[in-house]
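User: Hi! I am new to protein structures and would like to learn how to read one. Could you walk me through this example?

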Amino acid sequence: MLHRHCIIRILSLCFLAAGIGLAACSDNDVPPIKPTLPATNGSAVRSIRHVGNMPMTYDWLFRYAAGRLTHAQGTRRTADAAPDDEFSYAVSLAYNTWAVVPTLQNGTRLQVKLNSRGFVESLAENEDTYEFWYENDMLTRWKRTDVETSYGGTQEYVTEGQITYSNGDLKKIVYTGVDKQPVVYTFTATQEANTNGLLPVGAERALGCLGIEYLYYAGLMGRATTHLVQSMTAYDNATESVTERFTYSYSRRGSNVELCNYTAKDGSIGSVYYEY
């Protein structure tokens with residue numbers, strides 16, 4: 001017969017092992033993070049395609065799995081760019097219990113830090129970095145730093161933007177480029193709900209997401225505006241002139257916006273087609 005203290009020791013070890021097993025199971029049961037996609041009462045967009053007149057922008061193809069954006073392919077477009085001048089790249093997004101890991105098609109992993117609300121606080125590819133700030137879950141400030149190294153020296157190029165809202169809609173963006181000259185973007189909103197969480201055409205650069213729009217559509221750059229944008233005007237303080245102006249109109253099928261037509265300052269027309 002086992003001595004009493006031996007029995008107690010064995011039972012203690014059993015309980016300890018059981019506790020470790022339960023803790024391990026608990027850790028394993030924690031699901032990957034699941035950001036809230038910007039679409040509200042509409043579907044998440046799967047394709048964005050521009051035709052006609054356009055500022056520098058990106059066409060996108062998105063794939064989702066289990067309610068998360070997992071793959072994006074972007075193609076840079078301008079109105080006068082020949083097909084040979086277009087630039088395309090793809091990125092996959094992996095999610096775990098504490099982070100999201102974007103990986104480019106060449107195998108490069110982007111370094112992403114999320115804030116306590118699950119939005120991107122910083123993004124780095126090699127020495128180039130982005131920083132983002134939010135209020136009430138909406139993006140209010142961003143800063144991009146590009147580092148160029150040549151002849152043994154380095155040069156930093158900084159662009160940044162300050163974003164303000166009115167009742168959940170875009171009101172103004174002060175965009176400052178590498179020339180340090182601010183450009184002020186002002187917006188008016190429609191009364192149409194932004195059910196698909198779409199970004200306004202022509203404002204991607206000022207919003208700090210040109211070329212990385214997939215992070216926004218993945219739900220990682222703050223929530224969407226309440227309404228679609230009716231018009232946007234860009235005023236250049238250096239030249240004291242309006243450099244861009246867009247007015248927009250939309251076509252829907254049910255709750256989904258399938259087409260955005262826009263007219264530029266010079267009267268030229270462009271369109272964006274959305275698929276879901």
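**Reading the core, the strands and a buried arginine**

Analyst: Happy to! The largest nonpolar core has 64 residues, and Phe62 and Tyr214 have the most contacts inside it. This is a predicted model, where local features need pLDDT of at least 70 and side-chain atom pairs count only at pLDDT 80 or more, while totals for chains, interfaces and linings use all residues. Residues are numbered from 1 along each chain as its sequence is written, and side-chain values use heavy atoms, leaving out hydrogens and water.

User: What is a nonpolar core?

Analyst: It is a set of buried Ala, Val, Leu, Ile, Met, Phe, Trp, Tyr and Cys residues joined through side-chain atoms within 4.5 Å. Buried means under 20% relative accessible area, exposed over 50%, and partly exposed in between, with a 1.4 Å probe and protein chains only. In this chain of 276 residues, 42% are buried.

User: Which residues is Phe62 in contact with, leaving aside its neighbours within four places in sequence?

Analyst: A contact means heavy atoms within 4.5 Å. For Phe62, the partners are Val45, Arg46, Ile48, Leu69, His71, Ala72, Tyr214 and Tyr217.

User: How many helices and strands does the chain have?

Analyst: Both are DSSP runs numbered from the N terminus: helices are H or I with at least four residues, strands are E with at least two. Here there are two helices and 16 strands.

User: How do I read strand pairing?

Analyst: Two strands pair if DSSP finds at least two bridges between them. Strand 14 (residues 241–253) pairs with strand 15 (residues 256–263) in the antiparallel sense, over seven bridges. Ser251 stands opposite Leu259 of strand 15. These two strands form a hairpin with two residues between them, and Gly254 in the turn has a positive phi of about 65°.

Strand 15 is also joined by five bridges to strand 16 (residues 269–275), again running antiparallel. There, Cys260 has Val272 in strand 16 as its bridge partner. This hairpin has five residues between its strands, and Gly267 in the turn has a positive phi of about 90°.

User: Is Arg68 buried or exposed?

Analyst: Arg68, in strand 3 (residues 68–77), counts as buried because its relative accessible area is 14%. Beyond residues up to four places away in sequence, Arg68 touches Pro32, Ile33, Lys34, Arg63 and Tyr95. A polar atom of the Arg68 side chain lies 3.1 Å from the backbone oxygen of Pro32.

Methods:
A polar contact is a pair of N or O atoms within 3.5 Å; within protein, one must be able to donate a hydrogen and the other to accept it, and residues adjacent in sequence count only if both atoms are side-chain atoms.
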